[in-house]
Amino acid sequence: MKIAIAALLGICSWSFLEYLIHRFLGHHPRFRPNPFATEHVRHHAEGDYFAATSKKALAALAFFALVTPLAVAVAGVAAGLAYAIGLVAMYVAYEVLHRRLHTHEGFGPYGRWARRHHFHHHFGNPKANHGVTSPIFDLLFGTYERVTTVRVPRKLAMRWLFDERGDVRKSVAGVYSLR
Ligand SMILES: [Zn+2]
Ligand SMILES: [Zn+2]
């Protein structure tokens, strides 16, 4: 039980960090410039740019090396490791999901929600919807905006938006339009 709770806490910790890092390091003028913001500004400006996986892996590894001994010191070996593994697993899930939002159309209510939520952040209001995997912290901190439609600049448009003829795919045309 203790181990399951520790893993869950690790998962929640990453969700919170995902929100904090994106909102404050990525977008808040007080904390810029910083290395994350440099990469993040480029992600916004180019649409399909992602920082090199090697850079991210290195940063994640350094972070993991820092957090694990702390967690073990606080909660013991088993629970401490479970916490660190939960945190890293959620971080990896976030990286994979974020990339897929940009590269694939997605399916199911969650897949559609995650894309509306994230592309509204990209193209509607970069001060809203900082969470990528969940809306929890946007809701808690008042940065949540419910999204029904997204107007996407043509030059930044995700490839999955288009059908073979270069028109906005019928399956998503009710939500996404080009500007
Ligand atoms: Zn993005
Ligand atoms: Zn952003």
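Donors are N, O and S atoms within 2.8 Å of the metal. This is a predicted model. The zinc ion (ligand 1) is coordinated by H43, H98, H102, H118 and H122. The zinc ion (ligand 2) has H22, H27, H40, H44 and H121 as its protein donors.

**Zinc ion (ligand 1)**
- H43, H98, H102, H118 and H122 each coordinate the ion through NE2, at 2.0 to 2.2 Å.
- Along the sequence, these donor residues follow the pattern H-x54-H-x3-H-x15-H-x3-H.
- H102 sits in helix 4 (residues 77-103) and H118 in helix 5 (residues 108-123). The pair links distant parts of the chain, 16 residues apart.
- Both H102 and H118 are buried.

**Zinc ion (ligand 2)**
- The donor spacing reads H-x4-H-x12-H-x3-H-x76-H.
- H27 belongs to helix 1 (residues 2-27) and H121 to helix 5, so this pair ties together parts that are 94 residues apart in sequence.
- H121 is buried, because its relative accessible area is 0% and the cut-off for buried is under 20%.

**S171 and its loop**
- S171 lies in the loop between strand 1 (150-152) and strand 2 (176-178).
- S171 counts as exposed, because its relative accessibility is 57% and the cut-off for exposed is over 50%.
- The side chains of S171 and E105 make a polar contact at 2.8 Å.
- S171 and I21 are 150 residues apart along the chain, and their C-alpha atoms are separated by 33 Å.

How values were computed:
Residues numbered from 1 in each chain as written. Chains lettered and ligands numbered in written order. Predicted model: local features only at pLDDT ≥ 70, side-chain atom pairs only at ≥ 80, totals over all residues. Heavy atoms only, no water. Donors = N, O, S within 2.8 Å, 3.2 Å for Na, K, Ca; no water. Helix = DSSP H or I, 4+ residues; strand = E, 2+ residues; numbered from the N terminus. Buried < 20%, exposed > 50% of the residue type's maximum accessible area, 1.4 Å probe, protein only. Polar contact = N/O pair within 3.5 Å; in protein donor to acceptor, adjacent residues only side chain to side chain.
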